[in-house]
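Open the model in your viewer and keep the selection panel at hand.

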Amino acid sequence: PMAGIYLLTFFLPFERIGSVDVAGVTIRISQIVAILTVLAWCIRGLWLGSFKFRPYPLLLPLIVFLIVALLGLINAPNLERSIMVTIFVLFTVGVSIILPSIVRHTVHVEKVVTILLISMLVVSLFGLYQFLGDIAGLPTSLTGLRSQYTKDILGFPRIQSTALEPLYFANYLLVPLSLAISLWFSKASRIKPLWLLLLVVLGGINFILTVSRLFFS
């Protein structure tokens, strides 16, 4: 199960690039990995004969949210779509509840954070490639940009990297960027690695180049 968490952490931002549409449903690598991780956790629990759940402080608010979401299905204008979204929400909530029971040691947390930062490095480098490639005139088939985000619209490209939209990419960057900045300013170590500062700068540049609605809200 822990190997699944590591893979899930790395493939988390691979939303558009790294996904496939099947029968009108977008299936992502992270979703498949999450399902396999939960199955592995269940199999391990059955093998050991016990399931140890860690405390989950957000359980009550999530239950209230899910009840409201289920009640909302009564007046849903598009019931089929609403049911599909609700299933995905239930799946995400289920994974988040099981997650603390899998990540049980400090070394696990450290590896998850490291992998998250590595994943951020990969998608941020690809984001810069998108920006420079579109400026240079490369086709969208090579840059991976959707046509509405190329330089033809605003005079400069809005990068989306592996995400579906620049807004989604910017939202993702908030998590690893916050972690990287926190680690940099942490008092736990007086030695601040240069690569961490460079990663913050790289992620910050990508965040700005999304020209996300976050800046205008």
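Predicted model: local features only at pLDDT ≥ 70, side-chain atom pairs only at ≥ 80, totals over all residues.

Residues are numbered from 1 along each chain as its sequence is written, and side-chain values use heavy atoms, leaving out hydrogens and water.

**Stop 1: the α2 and α4 pair.** Select residues 29-48 for α2 and 79-102 for α4. Helices here are DSSP runs (H or I, at least four residues), numbered from the N terminus. The two pack at an angle of about 50 degrees, with axes 11 Å apart. Axes are lines fitted to C-alpha atoms over the stretch in contact, and angles run from 0 to 180 degrees between N-to-C directions. Now show side chains. From α2, the contact (heavy atoms within 4.5 Å) includes Ile35, Val38 and Trp41. From α4, Phe88, Phe91 and Val95 are among the residues involved.

**Stop 2: Val85.** Stay on α4, where Val85 lies. At 38% relative accessibility, Val85 is partly exposed; buried means under 20%, exposed over 50%, and partly exposed in between (1.4 Å probe, protein chains only). Draw a distance to Met120: the C-alpha atoms are 27 Å apart, across 35 residues of chain.

**Stop 3: Thr150.** Go to the loop between α6 (140-143) and α7 (151-154). Is Thr150 buried or exposed? Thr150 is buried, at 7% relative accessible area. A polar atom of its side chain lies 3.0 Å from the backbone oxygen of Ser147. Leaving aside residues up to four places away in sequence, Thr150 touches Asp134, Thr140, Leu145, Phe156 and Pro157.

**Stop 4: α5.** Select residues 106-136. At 1.5 Å a residue, its 31 residues should span 45 Å, and the end C-alpha atoms are 45 Å apart, which agrees. The expected span is 1.5 Å times one less than the number of residues. Just past α5, Gly137 has a positive phi of about 100 degrees.

**Stop 5: α9.** Select residues 194-209. Buried residues of α9 include Leu196, Leu199, Gly203 and Phe207. The buried residues pack against α5 and α8 (166-185). Finish at Val211, which follows α9 and has a positive phi, near 45 degrees.

Methods:
Polar contact = N/O pair within 3.5 Å; in protein donor to acceptor, adjacent residues only side chain to side chain.
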